[in-house]
Amino acid sequence: MIPAPFTYKRAWSVDEALDLAAQDGDEAKFLAGGHSLLPLMKLRLAVPEVLIDIGRLHELSYVRDDDSQVLVGALTSYDELARSSLLASELPLLAHAASRVGDPQVRHRGTIGGSLVHADPAADLPAVVMALDATLVALGPSGTREIGAGEFFQGLFETALQPGELLTEIRIPKPRAAGAWSFQKFTKRAIDWAIVGVAVQGGNVALVNMGQTPIRASAVEQALAAGAEPRDAAAHAAEGASPSADINGDRGYREHLARVLVARALEESAARS
Amino acid sequence: MKVTVTVNGSQVEAEVPDRTLLVHFLRDVANLTATNVGCDTTSCGACTVLLDGRSVKSCTVLAAQADGREVTTVEGLADGSGEMHPVQRAFQAEHALQCGFCTPGMVMATVSLLAENPAPTEEEVRSALEGNLCRCTGYHNIVRAVLAAAPAESERRSS
């Protein structure tokens with residue numbers, strides 16, 4: 001399988017990437033690691049006329065300490081996230097979740113920004129940045145704007161980014177108790193997308209693949225805030241969720257998995273903290 | 001577009017369609033056909049090569065993304081005198097192949113693993129090969145070969 005024909009353009013700076021995007025408008029897509037976009041293009045589920053390769057913008061690949069927050073460049077690969085000593089101490093949830101994405105080859109190429117803008121509800125990192133209350137920074141023709149993770153994911157493969165805007169950075173507040181975290185996902189094979197996944201940081205609980213977007217399990221969070229035990233709080237895991245049914249499981253199965261995985265995650269998080 | 005890739009130490013330059021995948025560039029332009037196309041969906045790892053020293057699935061990389069960079073395929077592992085690479089020798093000695101289709105990808109994934117982790121545990125080897133499927137299910141001998149290759153590869157890299 002090869003993608004439908006397109007014109008390849010390469011950006012050597014962030015400004016050049018924005019200029020190229022402005023020239024081609026809706027017909028263009030940014031290419032980062034390509035591990036979400038290229039498979040879709042090979043299946044002809046995405047047929048952009050122009051690809052703007054931003055993969056060489058090394059200035060967008062970093063993990064930096066910034067006082068009360070950690071700044072992550074959008075082009076940082078999963079592998080770099082997994083190996084970051086700063087993340088290991090300040091945001092172990094993100095480092096660990098990144099180490100469980102796909103397989104080593106995928107982690108060498110795939111980027112955090114690529115995963116977030118692709119906005120697949122079955123992807124791991126969108127739920128992780130929601131659990132971490134991250135802020136996403138978008139750069140466009142009219143400047144920079146900040147978008148809360150909760151507002152960023154608008155629908156299936158749909159984000160709050162406007163045409164011509166580029167996600168450049170993810171700003172993550174350091175959690176008060178970095179150690180109170182857990183990441184659980186259930187897959188048939190190690191490399192598969194999660195049938196259901198859970199990211200927990202403190203009292204924040206976010207779910208993978210339990211709706212059209214990653215979602216916060218607010219009923220669980222409210223129960224925890226009211227002092228419920230992990231197992232009792234986890235019983236609310238599927239409330240407000242609208243998981244899809246597919247070859248891997250029907251709605252009821254996913255709701256059951258969410259309750260089981262949230263219970264495991266809350267217990268692991270409590271045991272760590 | 002014109003793409004220039006250093007493949008196994010030699011420059012390969014060609015005018016190719018923008019949509020050319022790296023695996024087809026290697027097989028059809030560079031005429032290096034050891035790298036197999038298996039699932040073609042980033043799952044099986046048969047097309048694994050090294051891009052600037054790190055394992056990638058070449059069915060999910062554009063040739064244009066490799067422009068100006070270095071690629072190593074299994075054909076590039078043996079040294080100039082034809083002496084096999086320690087990972088190749090270990091795969092042979094441990095009989096780590098049945099039909100052989102996944103082998104080039106398994107070998108390249110192993111070379112990448114040992115560059116990152118020179119002395120992996122069995123558990124780490126199994127995790128590191130998650131992205132490589134053996135359709136003969138011959139995993140035990142493959143894992144044994146990786147463990148056997150580790151000391152020799154360590155020695156080769158430090159010499």
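**Packing of parts, from chains to helices**

Tutor: In this predicted model, the elements of chain B, read from the N terminus on, follow the order β-β-α-β-β-β-α-α-α-α, which amounts to five helices and five strands. The radius of gyration of chain B is 15 Å, close to the 15 Å that the globule rule gives for 159 residues, so chain B is as compact as a globular protein of that length. Its C-alpha trace spans about 45 × 35 × 25 Å along the principal axes.

Within chain B, the domain assignment gives domain 1 (2-76) and domain 2 (86-158), and the centres of these two domains, taken over C-alpha atoms, are separated by 21 Å. Their contact draws 16 residues from domain 1 of chain B and 13 residues from domain 2 of chain B. On the side of domain 1 of chain B that touches domain 2 of chain B, the elements that give two or more residues are β3 (48-51) and β4 (54-57) of chain B, and the largest share, three residues, comes from β3(B). In composition, that side of domain 1 of chain B holds seven nonpolar, eight polar and one charged residues.

The contact between the chains takes 22 residues from chain A and 25 residues from chain B. On the side of chain A that touches chain B, two or more residues come from each of β1 (7-10), α2 (37-42) and α6 (104-109) of chain A, and α6(A) gives the most, with five residues. Sorted by class, this side of chain A has twelve nonpolar, seven polar and three charged residues.

Chain A itself has a secondary structure of twelve helices and 14 strands. With a radius of gyration of 18 Å, close to the 19 Å that the globule rule gives for 273 residues, chain A is therefore as compact as a globular protein of that length; along the principal axes its C-alpha trace spans about 55 × 45 × 35 Å.

The domain assignment divides chain A into domain 1 (7-53), domain 2 (58-173) and domain 3 (181-272). The C-alpha centres of domain 1 of chain A and domain 2 of chain A lie 19 Å apart, and the contact between these two domains takes 13 residues from domain 1 of chain A and 18 residues from domain 2 of chain A. The element that gives the most to the side of domain 1 of chain A that touches domain 2 of chain A is α1(A), with five residues, and by class that side has seven nonpolar, five polar and one charged residues.

The next part to consider is a sheet. Five strands of chain A form an open sheet in the order β4-β5-β10-β6-β7, with antiparallel pairing. Because β4 (63-66) and β7 (143-148) of chain A stand at the edges with a single partner strand each, one side of each is left without a neighbour in the sheet. From one strand to the next, the twist averages 25°.

Terms used:
Residues are numbered from 1 along each chain as its sequence is written. Chains are lettered from A and ligands numbered from 1 in the order in which they are written. This is a predicted model: local features need pLDDT of at least 70, side-chain atom pairs count only at pLDDT 80 or more; totals for chains, interfaces and linings use all residues. Two residues are in contact if their C-beta atoms, placed from the backbone, lie within 7 Å. Helices (H or I, at least four residues) and strands (E, at least two) are DSSP runs, numbered from the N terminus. Ala, Val, Leu, Ile, Met, Phe, Trp, Tyr, Cys and Pro count as nonpolar, Asp, Glu, Lys and Arg as charged, and the others, Gly among them, as polar. Domain bounds come from an automatic or database domain assignment. Two strands pair if DSSP finds at least two bridges between them. Axes are lines fitted to C-alpha atoms, for helices over the stretch in contact, and angles run from 0 to 180 degrees between N-to-C directions. The radius of gyration is taken over C-alpha atoms; the globule rule is 2.2 Å times the number of residues to the power 0.38.
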